[in-house]
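Visitor: Hello! Could you walk me through this model, one question at a time?

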There are 4 protein chains.
Amino acid sequence: MIVVLKQNAQQESVKELLEWIEEQNIKINVIRGDQKTVLALVGDTARVDTDQIYSRGCVESISRIQEPYKEANRKFHPDDTIIKVGTEQIGGGTLKVVAGPCSVESEEQVTEIAKLVKASGATFLRGGAFKPRTSPYAFQGLHATGLTYLKKAREVTGLPIVSEIMSIDHLDLFSDVDVIQVGARNMQNFELLKELGHCDKPILLKRGLANTIEEFLMSAEYVMAGGNRNVILCERGVRTFETMTRNTLDLSAVPLLKHLTHLPVMVDPSHATGIPYLVEPLSLAAVACGADAIMIEVHNDPKHALCDGAQALTPDQFDHTMKAIRRQAAFQNLVL
Amino acid sequence: MIVVLKQNAQQESVKELLEWIEEQNIKINVIRGDQKTVLALVGDTARVDTDQIYSRGCVESISRIQEPYKEANRKFHPDDTIIKVGTEQIGGGTLKVVAGPCSVESEEQVTEIAKLVKASGATFLRGGAFKPRTSPYAFQGLHATGLTYLKKAREVTGLPIVSEIMSIDHLDLFSDVDVIQVGARNMQNFELLKELGHCDKPILLKRGLANTIEEFLMSAEYVMAGGNRNVILCERGVRTFETMTRNTLDLSAVPLLKHLTHLPVMVDPSHATGIPYLVEPLSLAAVACGADAIMIEVHNDPKHALCDGAQALTPDQFDHTMKAIRRQAAFQNLVL
Amino acid sequence: MIVVLKQNAQQESVKELLEWIEEQNIKINVIRGDQKTVLALVGDTARVDTDQIYSRGCVESISRIQEPYKEANRKFHPDDTIIKVGTEQIGGGTLKVVAGPCSVESEEQVTEIAKLVKASGATFLRGGAFKPRTSPYAFQGLHATGLTYLKKAREVTGLPIVSEIMSIDHLDLFSDVDVIQVGARNMQNFELLKELGHCDKPILLKRGLANTIEEFLMSAEYVMAGGNRNVILCERGVRTFETMTRNTLDLSAVPLLKHLTHLPVMVDPSHATGIPYLVEPLSLAAVACGADAIMIEVHNDPKHALCDGAQALTPDQFDHTMKAIRRQAAFQNLVL
Amino acid sequence: MIVVLKQNAQQESVKELLEWIEEQNIKINVIRGDQKTVLALVGDTARVDTDQIYSRGCVESISRIQEPYKEANRKFHPDDTIIKVGTEQIGGGTLKVVAGPCSVESEEQVTEIAKLVKASGATFLRGGAFKPRTSPYAFQGLHATGLTYLKKAREVTGLPIVSEIMSIDHLDLFSDVDVIQVGARNMQNFELLKELGHCDKPILLKRGLANTIEEFLMSAEYVMAGGNRNVILCERGVRTFETMTRNTLDLSAVPLLKHLTHLPVMVDPSHATGIPYLVEPLSLAAVACGADAIMIEVHNDPKHALCDGAQALTPDQFDHTMKAIRRQAAFQNLVL
C-alpha cells in the first residue's frame, strides 16, 4: 500500500499516523521526494481500512498494491471453483446455458418454454418471480406463485431453476430454488449479500450497471466471507454514453475475471444489449474468450410477454443460437 | 408515445398490437413513411408498460412523449412541496444545511460534532449507523447503538436527525429518526422503496451512481405511489471516466429537477467529490442554482474517524463554509 | 422524423415551422395529444438538418426514425464492401491480422518485427511515425523518417503497411502508405476526414474514445461523401468508469456495425485493454462475433520501446495468439 | 513516481530497468513486500516517459506522485494568469461574458446580435465561421466570409471576437481574430495545439467530451510548451449516461482547475446542457464557484438559425440572465 502525504502535512499528525500503522503490524518505508513524502507499507494490508488512513489530515492519496479481496482471489485459491447444482455443475471445463423467460407468467408459459429450451440443449431454466422494474406501475412479477410455477416446470423437465431474489424477507421462498440470482441493482445491497453468505445455495451475482471489476469481486467477497463459497459472477453490460444498445457488454471482464478469481463466469448478452440479433454473435464471443456459462432470455409468446420481451429470442431463434453455441463449445472441447 | 414498427413487420402481429393498444383506451395514429411505419399513441400513456409493446415481434423502438412519473411530476402538482420535520422545514424558499460525521462512532463524538455544527448554523444532524461499505472487512457502523447515540445528540442540541437505512428489517429501529436516508446504492432497491412508501417519515433519496434523472424520479415515484409524499431528492455525484474527484457532481440536476418536479432538492458535495477544498465552492454553486439544502460531512477528530474521513471538513473549515453559505443565502433572500 | 412541439408553443412559430418543412419536400402528419402535439415527418429526412428545426422556439425535441448516414448504410448498399490493398483484401469472408510496433523506432526494429509477424501469419504491418501523445514532453515519433523505415520493412517482407496520419499537412508523406489510419482522437477531426475523402487510399478509421456508433458511422460518411468509399471501421475501446483496463472494448459494436453498414470491421484489443494477457482471448472473441480483421501490437525489444509498450505482445506471445486465431478462423471457414 | 514490479519479474529485466532509471538522474528506493516489489522514484519525474518504463516486461503498474504538467501547474506559477485582449482582460478578479450566435450567418445577423449582447453587458462576441458538424450534409459555416462578418460586427460594437479554428491550414485567416477557440473535438488534435503554441494569440481551449482534467491540462501544456502562455480553459460538459441534458456540466472542474493551475477558467452552460432554461441557473453556479468567464449562446432570429439553435437564448432571455449574473458578480466583488 502506497500512502502519499500532503506537502504541508503537520509533523504531529504524521507521527500519529505512523504509530497507528505500526500498531496494525504493518512495516513502513518512508521515501522523501523533492515535493512529497511517500509511505510504502509492507505486510497484510488487505485488511487495512484505507478510510482510517485517509481521514488523517496529513494524507493526500492512497493506492493499494495488494488486492482487497481474499476469498475470491485466485492468488490464494489457484484452482477453478466448480459449483455443483444437483447433477449439474458450473465451471471446470464445461459450458452451461441458462435460458427462460424474463418473467414467469403462468404455469403453461414457463413449462412450455422449459420444454422447448431443454429440447434445444439448455441446462438451466431461468424465470423471474420478483421483477425489479423502474416504474412502480409496471408488472412486478407473480411472486410466490411464480416460484411455484417455476418448480412445476422443473418437475416436468428436470432442469434446475434460477430466479432472482430482491429482499431478505423473501429468503424462505427461495429455499427450494436451485440457484439464487442477485440482480445488477442489488449488487451492492450489502445486507442481502451478507444474508446469502449464510445459506448454502449457489449465488448468481450480476455485475452492477456502473460497478468496477474490483467492486464486483468485493461483492462476491461479501457472500464468501459469510461462508458461502458458491458464487457465480455474471457480466451483463455496463452503462456508457452509447444509446443504440441498452448497455455496453464488457467482454474483457471475462478473461480479466478468469485471471483474478477462481469463480466461474457467466455472460448475459440478452440484458446487456436488448437486441435479439446481437445475442448469438455475442454468445459465441463470450464462449470464445472463456465464459463458463451463457444466460439467454427466451419467450414463446412474445405478444403476451409482461416484461422485457424486447430482447428475448423466440424458441426458433434460441434453437439456432444453441446449435451455434454447441459447435463453438465442441471446437473448444467444452462439455455442454 | 411513439412506436416505430420494423420494416418487415408481419401484418398479423401489427394487427394484434393495434388491438391491444386500443384495449388500453389509447388512440392510435398510423403514419406510413417511405421506409417505416410509425404509430403515434394519444391518451394516458404514462401507465402503459412499454415492455408489453416492445415484446411484440413487430416493434423496433418506442419513445415516450409524456413523462412516466405522475406523483412527482410538477405538471400535475405545480406548487413546491414543503417537507415539515418537527419545527423545521425543507423546501419553500428556505435553505437548510445537514451536517455531521459520516459514521456515528461514540456518544461523545456525535454529540460534540452536533454542538459544533449547530453553533456554526447547521439545521440538521446527519450520522451513519448502518454503513454501506464496499469491503466486508471494513467498519460497518454501530447499528442500533449508533442510532441511540444520534438521538442523544439530538436531545442535547435539538437538531433533527438524518440517518441511512439499509434494509427493510431495520425499519423499526428508525421509528424515532426524523429523516430516513436511502443511499445511492439502494436507489433502486425497490422493495425498500415500497416499504418506505407506507411510512409517514420524510425520505431523503440519494441519486444512484449511474442513474438518470428520470430513473431518480421514478424511484421517488415508488415511495410516493405508496402514499408517502415526503421525498427529498439528493444529487451526490455520478460515475464518469474522471478519476481526480470521487464522482462527478451533476449540478445541472438541480435546476432540471426543480423544473420537472415539485420535490425539494439537496446537494451533497462531500461525497460527490471526496475532496475537502471543493466543498465550499460547490456548496455555493448549489445554492446559486437553486438547491433547497446542502449536506456536508464534518468530523471533529479525523485521526479516529472510522470511515470516509477523507472528504470531511474539520469544524473550523465547516464554520468557514457556513459563513459563506449564509452570505450567499442572504443575497438570494433564502431563510437559513 | 418525429418532432415534439412545446406545450405553450406560439401558433405563428408553429405555422412558420410547418411551412419551412413543407418547403423541404417533407410530408407532415400532425398528431394532437392531450398534453403535446407531435409532428411525424415523412420523406427523405436524412438530409434534413435537425438543428434548423430545433432552433425554432416551438420545438421541444426531435427524434430520427431514418438513419442520418446514406453511403455507409447497409440498407442502400446491401453487399459487403471488400477493400483491395495490393494483392490483399479486407472484408468478404476473410480474416486479416495487422501487427507491428506502436511506434517505428529504427529500420532494424521495424524490419525485424515485420519479419517475425509475417512468419507468424500477419497480413499487414502497422507502425506509428506520427504519435498522438498526451504529453508534449513524450516521444512523438520519427515522422518522415519513420515512414521511410516502414517502407523498407515492406520492401523486405512484402507486407502492406498501415500508419496513422495526424494532420492534413502530412498528406503528401502518406502517398506511398497502403492504408492510412485516423486515430481515435481524430475521429471527429472533420477537416482531415474531408481531405481523406478526396484521396483513393483505404482509410482505417478508429472509433473515438467516447463516440457513439452513429457518430462513428457519420465520420465514415464524411470520408465517403467525398468520394472515397474505402473505409475500414476499427473498434478500440471506449471510456467508462472502469480503471482496470485502459478502455472498455465494446465487442457488441462488431455485430451491430455488420448489421448497420457494409463496411469491414476491425478490432484492436491491444489498445482497448492495455493488458497483454487479454489480447488473445479478446481476439478470438472478436473473430467469433464477426470481425473482419484484428490489429495487434507487437514489439521485439520491450526494453527499448519508446511508447506504449505496456500492451504489446512479444513475438513469442504473438505467435501463440496467431495460432489460436488461425484455428478459430479455420473453424469459421474464414480465409486467413 | 511509484513503479510496481510483477511478482515473477526476471532479475535481469529488473536490473536493466534500474540502470535505465538511474541514467535519468532519478533516485530509486526499492521496497520489497510480501508479494510484490515496489520502486519509489525520487527526482524530476515529470519529464520521465512512463511508457518507456511500462514497456519493460517486469513492470505491472505505475502511478505518478508529481503532476506531469509544468507550465500550467500552479505549484510552479502561483499567481493567477491574466490574459489581455486589447483593452479587455480575462482572469484576475474580473468576470467576463462571451456571447453570440453558434454560427455566423450574415453580416446583419451577427452585427445585430453583437449590438444586443453588448447592450446587455457582454464583453466578448463569439461566432462560428468553421463549424464542426457530426454530419457532412449539415451546414458547415461561412468560413472566411463568416470571419469577415464577425470583424465587421467588432468594428461596429468594439467587442473583441472569439471564433473556433478547425485546421492548421486556416491559421492565416485567424490572424485578426482576438481569441482563437479550440473546440472539444480538437482538444487532443496535438498538431493543431503545437502550431497554436507558436502564435501569440489567446487560445480558448475547450475540454474534450470525455477527457480528464489531467488530459485537459496536458493539452494546455502543449500550447504553453510552444511558448504561448495565453490559454483560457473552458469546461463545456462531459459525456455520461444521462440523456436529458446534451452533456453533463462538470462544475467541480472549476474549483479543481483553479487549485491546480493559474490559468483562467470559463464555463459554457449553453453547449453543456442544450437546454435554454438551464443556462441562467448554471451561469450563476459557475460564478459562485469561481469561474472567470461565462460563454452563452444567443441568437436573434431562431427561425433562421442554421445550427445548434436549440440551446441559444433569445436576446430577452440573455438580458435577463446578464442582470442576474451582474448581481451575483457584484455580490462577489467581481469586476464585470
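Guide: Gladly, and please keep in mind that this is a predicted model. Let us begin with Y222(D): setting aside neighbours within four places in sequence, its contacts are P136(C), F190(D), L193(D), K194(D) and G197(D).

Visitor: Which element holds Y222(D)?

Guide: The element is a helix of chain D, spanning residues 213-225. Its name is helix 6 of chain D.

Visitor: Is Y222(D) buried or exposed?

Guide: A residue counts as buried when 20 or more other C-beta atoms lie within 10 Å of its own. Y222(D) has 30 other C-beta atoms within 10 Å, so Y222(D) is buried.

Visitor: How far apart in space are Y222(D) and G208(D)?

Guide: In sequence, 14 residues separate Y222(D) and G208(D). Taken from C-alpha to C-alpha, their separation in space is 15 Å.

Visitor: Let us turn to chain B. How are helix 9 of chain B and helix 10 of chain B oriented to each other, roughly parallel or roughly antiparallel?

Guide: Helix 9 (residues 276-288) and helix 10 (residues 315-331) of chain B have axes that come within 10 Å and cross at roughly 15°. Angles under 35 degrees count as roughly parallel. That crossing angle therefore makes helix 9 of chain B and helix 10 of chain B roughly parallel.

Visitor: Which classes of residue make up the contact of helix 9 of chain B with helix 10 of chain B, and how many residues are in each?

Guide: On the helix 9 side of chain B, the contributors include V279(B), L284(B) and V287(B), while helix 10 of chain B gives, among them, H320(B), A324(B) and I325(B). Sorted by class, the residues of this contact are eight nonpolar, five polar and one charged.

Visitor: Now the interface. Which element gives the largest share of the side of chain A that touches chain D?

Guide: In this interface, 19 residues of chain A are in contact with 19 residues of chain D. On the chain A side, the elements giving two or more residues are strand 1 (2-5), strand 2 (27-32) and strand 3 (37-42). The largest share, three residues, comes from strand 3 of chain A.

Visitor: What relation superposes chain A on chain D?

Guide: A rotation of 180° with 0.0 Å of shift along its axis superposes chain A on chain D, with an RMSD of 0.0 Å. That is therefore the relation of a two-fold axis.

Visitor: And which residue of chain A has the C-alpha nearest the axis?

Guide: The nearest C-alpha of chain A lies 2.3 Å from the axis, and its residue is F241(A).

Key. Residues are numbered from 1 along each chain as its sequence is written. Chains are lettered from A and ligands numbered from 1 in the order in which they are written. This is a predicted model: local features need pLDDT of at least 70, side-chain atom pairs count only at pLDDT 80 or more; totals for chains, interfaces and linings use all residues. Axes are lines fitted to C-alpha atoms, for helices over the stretch in contact, and angles run from 0 to 180 degrees between N-to-C directions. Helices (H or I, at least four residues) and strands (E, at least two) are DSSP runs, numbered from the N terminus. Angles under 35 degrees count as roughly parallel, over 145 as roughly antiparallel, 65 to 115 as roughly perpendicular and the rest as oblique. Two residues are in contact if their C-beta atoms, placed from the backbone, lie within 7 Å. Ala, Val, Leu, Ile, Met, Phe, Trp, Tyr, Cys and Pro count as nonpolar, Asp, Glu, Lys and Arg as charged, and the others, Gly among them, as polar. Copies are superposed by least squares on the C-alpha atoms of residues with pLDDT of at least 70 in both. A residue is buried if 20 or more other C-beta atoms lie within 10 Å of its own, exposed if 12 or fewer, and partly exposed in between; C-beta atoms are placed from the backbone.
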